[in-house]
Amino acid sequence: MSITVGLPRTALVLGGVAWFLGLLGLVLHLASGAGIADANVLFLLVDVTVAIVYGTVGAVVLARRRHAVGFLVALAGLGGGLSATGGGWGAYAAAHPDLPALDGVAELYGWAWMPGTVALFTVVPWLVRDHPLPTAARVGVLLGAGTAVWLPAAGLLAPASRADAPLVAVVAVGLVSAAATAYRWRRGPVAERRGLGLLTAGAGVLALSFVPLLLVESTPDLVLAVPISHLATQALYPAAILVCVLRNRLWGIDLVVSRATLAGLTTLGMAAVYAALAAAATLLVGGGLVPQLVAAVGMALALGPTRAHLEGRVRTLVYGEAADPGRAALRVGRELAGAGSADDLLAGLARSVGESLRLESVVLRTAPPLAVDASWGLATAAAETLPVLHAGRRVGELTWTARPGERLDARSRQALDHLLPVLAAGIALAHAAHEQRRAHDAATLARLAERRLIRREIHDGLGPWLSGLRLGLQGALNLWSADPAAARALVAALADEAQLRVDDVRSLSRSLLPPALDELGLAAALSELVQRHATEGFTVSVEAHGCDGLVGPEAAAAYGIAAEAVLNAARHSGAAGCTLTVRRSTEGLEVVCEDAGRGVAPDAPPGVGTRTMHERAAERGGTLEITALRPGTRVRAVLPATTAVGAVA
């Protein structure tokens, strides 16, 4: 459908003329004194209703949008007004023989309503869409226009004959257009489905209302079914047009449309119940007052359940999924189970919100550290934004735009309120997936760093020493015959050196994963770390608070950072010792290592140990800072607590 600016002046003129002609016909009929006993009065009431209702609907549509449907609806209103004027003048002229007959005006009553009314259900359904007409729709428009012209033409060219062929064509083409609309309602683009259910029902009822005209000769009373069904559809079909063309979010029309539609469907249903019960009672007991009483009682009993059932159906037809906030939330919730990645999940959530509420565009923004924007649709109107909260914390925001010329009605806003918690859960899930991926990457990097550390120690330490050991043993063998004492002294020196290398290997293994950490907890492992460095002449002063018995990944990360920081201080600071503090606080598990050595040069690149400490902290979602002291260096890491403060594993 086109969304260009409407034609308010043209709309006012067309609507005003339709109203004037319809009311003029009604006034003329009442002034004639014909009363309401004549059966033709029902047809006159249909014409007046068509003029007023479709004149108004056409004016509303054209005032907002230049759309072919608006002109066709206005044509139906004008046709109904002309027909009402012709019928009113015919009754008035018959009551006042001294006035000129004006046969041309009176004859409008018989055919002026046909083109517009027939086009309502044979042409309009094909035109209600947001994209160019496909070939099938163009064929449908041509057939509908042909039948809308053929029916009145047949009556004008051969007024004394029956027009069965054009009537059959009208019914057939109308049912085809209703079926095609029903298919689009179920299978067509989601953005165009709203209101097509009403349009399908209205087109089908209007098409079937012409069937009694084919049977009127054999059953004259059936002719009354035509105006009765037309009157009932005036609450159904105009509502469908407003819903489809204006998407039902204009000036609170949604409430009026839903109530009018419910009234029309209830009237139609009660008429069908009354007719069915009256016919059945007549067959059983014959004519008289009994069938009428049975039909009246049955209609009264069926009124409540029928209205309750229709009310739910009307809400779904008018509002779509927004009629039931729970259904809209379930549709969005299905994205939580079907997404393959965080980006796919957020994109699916944005799309589901837009399609469920029939919006123009949706943007779902997440808060750092994820910081992803998922969008659906293209915004051309002013946007609105709502925060998305999870557990009292803002995890993102939802920005949307309604379709041009529209706004969210109260029911859609209620559905949006129900969707926000689902969106919050989806964003929290995306955040968790992001954190899991980041932790996995950090763990992978930490493992690679540890492997590099082991490789470096083997390549630069143990490997060269083993080569030297082999050469030393070879030298001892060479001296064994010539100088046994020197050979024994060399072997003894090699044995002492081998013991040092054994201690280095033990130190390396303990720095990676000391047995005391798993067996006795973090505090015991730190005590062992102090003792090991003390044997090498480096003094470590340790303070551990709340770490007794603490084991698991949190303790392993804290120990790894502490061991690496102390080792760096022992190797590079030049100081005689350092202080190590590990304590639990409201921030989490804090590790602080300070020395009074020479410090780190500002331009010094980070070594393997420094990178390992950063990676261990990031793996647990924590932070690590290395700052210069005067003199010395301070390493501080904070790891978020995974258990309550003061708890031990």
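**Close-up views of a predicted model**

**View 1. Phenylalanine 210 is a buried residue.** Phenylalanine 210 has a relative accessible area of 0%, so this residue counts as buried. The model shown here is predicted. Phenylalanine 121 is also at 0% and is buried. Tryptophan 113, at 16% relative accessibility, counts as buried too, because the limit is under 20%.

**View 2. Trp113, Phe121 and Phe210 make up one aromatic cluster.** The structure holds three aromatic pairs. One of them joins tryptophan 113 and phenylalanine 210. Their ring centres are 6.1 Å apart, with 25° between the planes, and the pair is stacked. Tryptophan 113 sits in the loop between helix 4 and helix 5, phenylalanine 210 in the loop between helix 9 and helix 10. The two residues are 97 residues apart. Phenylalanine 121 and phenylalanine 210 have ring centres 5.7 Å apart and planes at 40°, so this pair is tilted. Phenylalanine 121 belongs to helix 5, so the pair ties together parts 89 residues apart in sequence.

**View 3. The largest nonpolar core has 41 residues.** Those with the most contacts inside this core include Tyr54, Leu120, Phe121 and Phe210. Several helices each supply at least two residues, among them helix 2, helix 5, helix 9 and helix 12. Which residues does tyrosine 237 contact, leaving aside neighbours within four places in sequence? Among them are Tyr54, Leu120, Phe121, Pro125 and Leu199. A second, separate core has 33 residues, including Leu522, Cys547, Ile561 and Leu624.

**View 4. Arginine 186 lies over the face of tryptophan 185.** The distance from arginine 186 to the ring centre is 4.3 Å.

Key. Residues are numbered from 1 along each chain as its sequence is written. This is a predicted model: local features need pLDDT of at least 70, side-chain atom pairs count only at pLDDT 80 or more; totals for chains, interfaces and linings use all residues. Side-chain values use heavy atoms; hydrogens and water are left out. A nonpolar core is a set of buried Ala, Val, Leu, Ile, Met, Phe, Trp, Tyr and Cys residues joined through side-chain atoms within 4.5 Å. Buried means under 20% relative accessible area, exposed over 50%, partly exposed in between (1.4 Å probe, protein chains only). Helices (H or I, at least four residues) and strands (E, at least two) are DSSP runs, numbered from the N terminus. Contact means heavy atoms within 4.5 Å. Rings of Phe, Tyr and Trp (its six-membered ring) pair if their centres lie within 6.5 Å; planes under 30 degrees apart count as stacked, over 60 as edge-to-face and the rest as tilted. A charge sits over a ring if NZ of Lys or CZ of Arg is within 6 Å of the ring centre and within 35 degrees of the ring normal.
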